[in-house]
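Subject: Structure for your review

Dear colleague,

Please find the structure below, together with its sequence. My findings follow it, and I would be grateful if you could read them with the model open.

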Amino acid sequence: MYRQYREETLSKNKTKENASVDGVPMDTNGSANGGAKPGGGVQNGTGNVDHSTLDKNLYSRQIYALGESAMMHLRTASVLISGMGAVGVEIAKNLILGGVRNVTIQDIKAAEWHDLSAQYYIPESAVGQNRAAVCYERLAELNDSVSVTCVTDPLTEELVDKFNLTILTDSTLSEQLKVNEWTRKMKKLMIVADSRGLFAQIFLDLGEQFRVDDTNGEQCHEVFIEHVDKVTGDVMTLENAFHGLEDGDYVTFAEVKGMTELNDINPVKVTVKTAAVFNIGDAAKNFTDYKEGGRAKQVKMPKLITFKPLKEALKEPELVIADFAKFDRPAQYHALWQALFKFIEATGRPPKPRSDADADTLRTFLPQSDVEIDQKLLKAFSYQATGSLCPMASFIGGVAAQEAMKAVTHHMSPINQFFYFDALEALPGDYSAFDEAKLTEEMCAPRKSRYDGQAAVFGWDFQEAVLKQKWFIVGAGAIGCELLKNFAMMGVASSDQKLGKLKITDMDQIEISNLNRQFLFRRHDVGGKKSEVAAKAVKQFNQHLNVEALAERVGADTEQIFNDGFFHELNGVANALDNVDARRYMDRRCVYYGLPLLESGTMGAKGNTQVVYPYLTESYGSSNDPPERSIPICTLKNFPNEIQHTIQWARDLFEGLFTNPSETANQFLGDQRAFFERVDKMHTGQKIEILEQVKKALIDDKPKTPEACIEWARNLWQDYYHNSIGQLLHTFPADQVTDHGVKFWSGTKRCPHTLQFDVNQEEHFNFVYAASILRAQQYNLTPITDKATVGKLAAAIPVPAFTPRSGVKIAVTEAEAKEQAEQMGGLDDVDQQLQAYHLSLAKLNPKTIPPLLPIDFEKDDDSNHHMDFITAASNLRAENYDIPKADRMKTKQIAGRIIPAIATTTAAVAGLVALELYKMIDADGRLPKVPIDRFKNGFINLALPFFGFSEPIEAPKKKYNDTEFTLWDRFEIKGPKTLQEVFDWLKNDHGLDATMLSCGVSLLYSFFMPEAKRKARLEMTIKTLVETVAQKQVPEHTHDLVLEVMASDTTGEDVETPYIKYVI
């Protein structure tokens, strides 16, 4: 049956009548052949939304992950999802968040108790009702730019024909074969996805020849050229730079001099010879000789992939490896899943939990093949066939949704064709009170509970322990929302007696750009605290959840909140953070308190997970990522050669004009004495820079009217895009030759040219307009926002003619820049210059001057003119140097240092994290002694797709005397104790002679201190000594002090030792 809830108004899309997607005619709905409305349907009403447009604020992070072209494909795609169990709803959620134009959910099954373990949109009161109908409204509200329709009739060929892609979940093999015949006949696409307990599968049939436009989703490589040998075809990169190409890649050329024919040729296929040399064959053999310069840029070329129909693929499967440590399992799972489908069709039900009889029956349904089936694996598979786990659904639903996006966008490489996954390591072993080998049918039997699906896998005793868990989630962004979902559905902290507790903290507020992947938030939540809104929303998934929301940042300044008592109550911590510093801080806290830490992160289609487990693994901080490459200062200031350089320059310019001067001036206005005391401690160059900045801000350049702000902005334009470039060309003319006879303007140095201001040119006007408004705001003036007025005033401002100065030194290298900065302190008139600044500032009366407004860069507010300024400033500088300009989206990503993000990867990563939590649960809240090979660190790249899992690295063992220790060990001593008593204890109990002792940044004792000082400190108690040296009281909330000791062992050798935990 079809039911129409609300009629959708689509008048804005009337112009799309002749559109098509991959040859499939589209109607005004944007759905293939009319979507899922052959006369009715349950459809969300979003009549006030223009679906033909792309909301770049909403989808910005996803656009950075997929690209705008792929997003436009999503905005015209139509997808049918059959089966609204755990996997089906996860896929639907991810595709709706992702912006698929039409999503139709279909199901004929009624909700059962075991669904509630993982299907978060079915409440307990809805058991017995149609699953699609129950969750329809919740799915429809996820994204008001997506048309969501609900169908409760059986699948028909007519219905499937309405969609570009059909996804089957919770389906039988016969149904899959039937639908696959339909999709093949109609030249449509099909995906199958399912999970059972700790097992999952995905199958793709995207047709005989599926085109992939971008196989890996990575940015194209671009390199400067040193030489092109037309005889051999070798192309050498400038300064042996790494080109990053692979055999079979294609490149184009630009800006090549001499061999100019190379600039106009079609993409050329390359072979790689070395990291800095690639070969283009005979493509250039008839061209003129190469002279100099040029760039080579990688070009993505389409690739065709052949898929077999399901019937053929079952006999000759293509298998993707999910875990290379389980290389032999996919072939076994291929047989086991077929046997399971036959068992269900024969008996009308899946095998019962822990039923050996059903496992024996399942064995009889195995297909004839040469694959030997591990009998333990068969039993485990049979035992869990009724299981339903939210973490598994989250992972497999995230992966399957990404495959669906690939299918409709042709972006990134799809799975070809079967993907099988298991997480059997999550089952407790004999090290746990919940050893899975001791489970019986009765211990896993359903009880008409929302946890039936999870108890079928782990047993009811384990489930009771889950309910009493106490965890802390740090961050309520994309991963934080997904972790909340998983933890709530697992039953973490959901004891009716409130014996468990889930705490979450996040200081950030909800923004529009969050809604695309942080699925617990809605538009009406924008501006609210993330943690508070998320905690309230997740209670709807599991009303028994005992969750507490905090809105504090974790760090040294909030340790009075996140104190000893806070951490001592916890069973573990899950990080959902977006910066390394906070991650490292929480890592140190978890090591200190002996708590497990679940770490994770995503970047576009990539994701990783890490397990940090007490007394077993290394910590997050045990390894460091390589530092990001910084752009040399001289490149930013004078020699940019790519758009990233001009964008970073514009970002620095923003802070140098509108942020730093205001803050520095306000420091002067707030406390002159303290300001000058700080300045006096700086080196001479810094003194001059700071004082000049304050003088300009408060005297020389201080505007009195909004018109003065426009004049300032116009002169600023002239200075940066004409005068400074003119000075650079005066110092280094276009035909300049170095002492070595090499052209100065060659290689990475692009010769610039000056610009002439034209108010009618968009970027010229935008710079002056945005800069004048920001300047007025900075000085608390009402800006002139009428564009015509600003344009008229700017065009009329007289600009002095520029005359270049002689003798100006411009740094060409980093060494020269450093030398010039050092020489500034040795100038003859420095003292006079400083005295003049002091004199000018001393004449000011700070009490009569209102403070300036420091403008902090905010990338996501389109009304604040921040991105307007940076985009214009960057593109004008790019025009100076003939660098291809960047649009606002690309500029925003680079200037805002935005990490690409997509809901599919987030869901998959959060699922993997939650699977690791299962392994950390034991009776009475204690931590089980889990073998390290049971834990899995994961790295996934859904674009390829690639899945890599490994054991965590064991905590390195160190040794003093005959005692081994790791980062998890420490000495512990209870105060009050004098320093001498602590040293005696180290000597007598551990055979260590202390030579130095510190607490934080305070050096408490050292062998090189004067004898009198050492003697006095040895007699002081540790607490008094710390307060004396630090010159501040130990906070009341601090119960312990961490003391770092340097000592020698019994042989007199210096040794590394654990730190000392001194209990006050």
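Is Arg75 buried or exposed? The model is a predicted one, and in it Arg75 has a relative accessible area of 2%. Buried means under 20%, so Arg75 counts as buried.

Arg75 sits in the loop that runs between α2 (68-74) and β4 (78-82). A polar atom of the Arg75 side chain lies 2.6 Å from the backbone oxygen of Gly99. The side chain of Arg75 also reaches the backbone oxygen of Ser145, at 2.7 Å.

On the α20 side the contact involves Thr664, Gln667, Phe668 and Gly670, which meet Gln672, Phe675, Phe676 and Arg678 of α21. By class, the residues of this contact are three nonpolar, four polar and one charged.

The second pair is α28 (residues 866-880) and α29 (residues 888-895). Their axes are 10 Å apart, and the packing angle is about 100°. Because angles of 65 to 115 degrees count as roughly perpendicular, α28 is described as roughly perpendicular to α29. Met867, Asp868, Ile870 and Thr871 of α28 make this contact with Arg888, Thr891, Lys892 and Ala895 of α29. The contact of α28 with α29 comprises three nonpolar, two polar and three charged residues.

Finally, a word on annotation. In the unreviewed UniProt entry, residues 935-1060 are annotated as "domain: Ubiquitin-activating enzyme E1 C-terminal". In the model, this span is 23% helix and 35% strand, and the C-alpha atoms at its ends lie 30 Å apart.

Yours sincerely,
A colleague

Notes
Residues numbered from 1 in each chain as written. Predicted model: local features only at pLDDT ≥ 70, side-chain atom pairs only at ≥ 80, totals over all residues. Heavy atoms only, no water. UniProt positions renumbered as here; feature names shortened; annotations may be inferred. Helix = DSSP H or I, 4+ residues; strand = E, 2+ residues; numbered from the N terminus. Buried < 20%, exposed > 50% of the residue type's maximum accessible area, 1.4 Å probe, protein only. Polar contact = N/O pair within 3.5 Å; in protein donor to acceptor, adjacent residues only side chain to side chain. Axes fitted to C-alpha atoms, helices over the stretch in contact; angles between N-to-C directions. Parallel < 35°, antiparallel > 145°, perpendicular 65-115°, else oblique. Contact = heavy atoms within 4.5 Å. Nonpolar A, V, L, I, M, F, W, Y, C, P; charged D, E, K, R; others polar.
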